[in-house]
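The sequence and the structure come first.

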Amino acid sequence: MPDAVVVGAGPNGLVAANVLADAGWSVEVLEAQDEPGGAVRSDRGVDPDFVTDVFSAFYPMAAASRALHALELEKEGLRWSHAPTVLAHPLPDGRCALLDRDPDVTAGSADSFAAGDGEAWHEWYALWQRLGGSLLDSLFTPFPPLRAGARLAARLRAAGGLRFARMMLLPARRLGEEQFAGEGGRVLLAGNALHADLAPESAGSGAFGWLMSMLGQAVGFPVPVGGAGALTTALAGRLERRGGTVRCGERVADVVVRSGRAVAVRTASGEEVPARRAVLAAVPAPLLYGSMLRPADLPDGLLRQLEHFQWDFSTFKVDWALDGPVPWTARPATRAGTLHLADGVDDLTRFAAQLATRRVPDRPFALFGQMTTADPTRSPAGTESAWAYTHVPQTVAGDAGADGITGAWDARERNAMADRIERHVERYAPGFRALVRARRILAPPTLQARDAALQGGAINSGTTALHQQLLFRPVPGLGRPETPVRGLFLASASAHPGGAVHGAPGANAARAALSLPPVNALLSRAQRGLAGG
């Protein structure tokens with residue numbers, strides 16, 4: 001019998017399992033898919049000569065993650081690669097905002113839009129250098145972050161705490177307007193906020209955009225050499241070398257609770273897998289509480305609260321094998337690993353408004369990845385392994401475009417949306433479509449079928465909006481990995497601090513499990529109490 005059973009072999013589940021194994025626990029990980037990785041996988045499914053990241057691709061949060069650094073995955077063979085430029089946001093008039101690991105290059109780009117904006121960027125980066133480490137420690141540790149928060153508070157007093165608190169609450173549009181006179185810095189900020197489901201007018205979107213921008217400045221948007229799957233291979237290999245096991249093709253249907261404690265899980269095939277000390281569920285909170293536990297095992301009101309759980313937007317992704325480099329009109333974009341394709345902040349607002357009214361956007365804001373530019377091992381010389389994704393509503397009420405997309409996502413709708421994205425790319429790179437050797441379409445149902453954690457194509461296990469963060473994640477009062485069931489811990493991105501590949505929810509859940517006294521110690525206490533009575 002293992003000490004712990006971990007449900008889900010995505011990055012959070014594997015990080016949790018590694019932390020437990022390092023503490024001497026025996027660990028068994030059960031994964032529904034036929035391979036580990038969750039949303040961190042790569043394949044050759046588009047073209048046999050091209051490596052394609054099936055889901056996530058760039059990992060600034062991983063590069064900044066204390067949890068991943070502690071695992072020393074480089075000893076497992078993991079290597080990172082960077083594109084010459086971190087991020088580009090080309091505009092229709094040929095100008096291009098750049099985010100580069102050299103702050104002088106980024107500042108020079110901002111200054112080309114409006115004199116003085118380069119100095120404003122340097123001010124932001126200097127603020128990050130003073131606060132970034134303490135801020136990340138506070139974000140990545142369980143809420144409330146007492147020690148990390150105290151360190152951050154001390155630094156904030158010197159940096160102007162109230163001004164910073166106000167800055168963190170501002171929408172990206174307002175924050176960009178206050179900091180920059182020109183469009184360059186503003187689009188970098190607002191575009192980075194929309195890596196999550198935060199519109200330019202959403203409270204707190206400025207904070208997320210600033211965080212992503214500063215991470216890009218400080219650590220870049222690195223990619224694993226050889227594909228996203230290399231990160232999973234390192235995590236799984238490290239675990240197995242420490243005695244842990246990963247069983248794939250084993251979907252967990254239920255968490256078995258006896259006397260108020262999680263003691264096992266039951267697979268879809270009916271096998272009961274016992275856990276001596278803890279069960280860690282790296283699955284979205286609505287699946288754990290709504291499907292894997294009995295209502296009788298939960299406190300009154302929890303399931304009612306979960307009715308208000310908000311998923312993030314659905315995702316629609318297209319992968320391409322290209323016969324040549326993308327012919328961007330704005331030439332600096334050719335050196336970027338990641339691109340944002342929108343005409344400006346107003347265009348981002350228009351896109352977000354269509355999503356808010358549950359319409360499929362007619363001019364989809366696209367995050368575009370040039371993977372061979374970032375890692376030359378991904379495809380033959382002179383070609384490009386590329387992808388783009390955009391957001392669509394979880395529930396479609398209408399199509400802002402002319403294709404009549406209803407959200408059925410049948411073959412016609414999948415191809416219509418993929419064509420819409422390609423036409424949008426063509427606006428910034430005329431001739432792009434002529435380079436397409438092969439493409440693969442991943443509509444929301446396809447994403448969910450390949451990874452059940454991506455419910456409806458949601459990639460963050462719940463909205464990033466303020467009302468579902470910190471102590472409100474996944475519902476008010478459950479802002480930590482502990483659940484109402486003893487010995488059961490939430491280890492997914494539905495727990496604080498949320499989405500992205502950094503492993504913090506898994507590491508936090510593992511540390512919470514490690515803090516529990518062993519079951520035999522609990523029994524001894526109970527027996528002493530009975531003897532004394």
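Is Arg440 buried or exposed? I found Arg440 buried, with a relative accessible area of 11% (buried means under 20% relative accessible area, exposed over 50%, partly exposed in between, with a 1.4 Å probe and protein chains only).

I noted that this is a predicted model, in which local features need pLDDT of at least 70, side-chain atom pairs count only at pLDDT 80 or more, and totals for chains, interfaces and linings use all residues. Residues are numbered from 1 along each chain as its sequence is written, and side-chain values use heavy atoms, with hydrogens and water left out.

**Entry: salt bridges**

I searched the whole structure and recorded 40 salt bridges (a side-chain nitrogen of Lys or Arg within 4 Å of a carboxyl oxygen of Asp or Glu).

I returned to Arg440 and looked up its partner: its side chain meets that of Asp43 in a salt bridge of 2.8 Å, N to O. This pair links distant parts of the chain, with Asp43 in strand 3 (residues 42–43) and Arg440 in strand 20 (residues 436–442), 397 residues apart. Helices (H or I, at least four residues) and strands (E, at least two) are DSSP runs, numbered from the N terminus. Asp43 is partly exposed at 23% relative accessibility.

I then looked up Asp22 and Arg238, whose side chains form a salt bridge at 2.9 Å, N to O. Asp22 belongs to helix 1 (residues 11–22) and Arg238 to helix 11 (residues 229–241), so the pair ties together parts that are 216 residues apart in sequence. Asp22 is partly exposed, with a relative accessible area of 42%, whereas Arg238 is buried at 5%.

Next came Arg173 and Asp346, which meet in a salt bridge of 3.0 Å, N to O. Arg173 lies in helix 8 (residues 172–179) and Asp346 in helix 14 (residues 345–356), 173 residues apart. Which residues are joined with them into one network? I listed Arg166, Arg174, Glu177, Glu178 and Glu201, which are joined with Arg173 and Asp346 by salt bridges that share partners. Asp346 counts as exposed, at 57% relative accessibility.

**Entry: aromatic rings**

How many aromatic pairs does the structure hold? I recorded 15 aromatic pairs. Rings of Phe, Tyr and Trp (its six-membered ring) pair if their centres lie within 6.5 Å; planes under 30 degrees apart count as stacked, over 60 as edge-to-face and the rest as tilted.

Trp121 and Trp124 form a tilted pair, with 6.2 Å from centre to centre and 55° between the planes. Both residues lie in helix 5 (residues 117–140), 3 residues apart, so about one helical turn separates them. Trp121 is buried at 0% relative accessible area, and Trp124 is also buried, at 3%.

Phe309 is buried, with a relative accessible area of 9%, whereas Trp311 is partly exposed at 22%.

I also noted one aromatic cluster formed by Trp320, Trp328, Phe368 and Phe432.

**Entry: a surface patch**

Leu470, Leu471 and Phe472 form a nonpolar patch on the surface, with about 230 Å² of accessible area together. Patches are made of residues with over 30% relative accessible area and no salt bridge, like charges being joined within 9 Å and nonpolar side chains (Val, Leu, Ile, Met, Phe, Trp, Tyr) within 5 Å. Accessible areas come from the Shrake-Rupley method with a 1.4 Å probe; for residues, only the protein chains shown count as cover.

I placed Leu470 in the loop between helix 17 (444–450) and strand 21 (488–490). Leu470 is partly exposed, with a relative accessible area of 34%.
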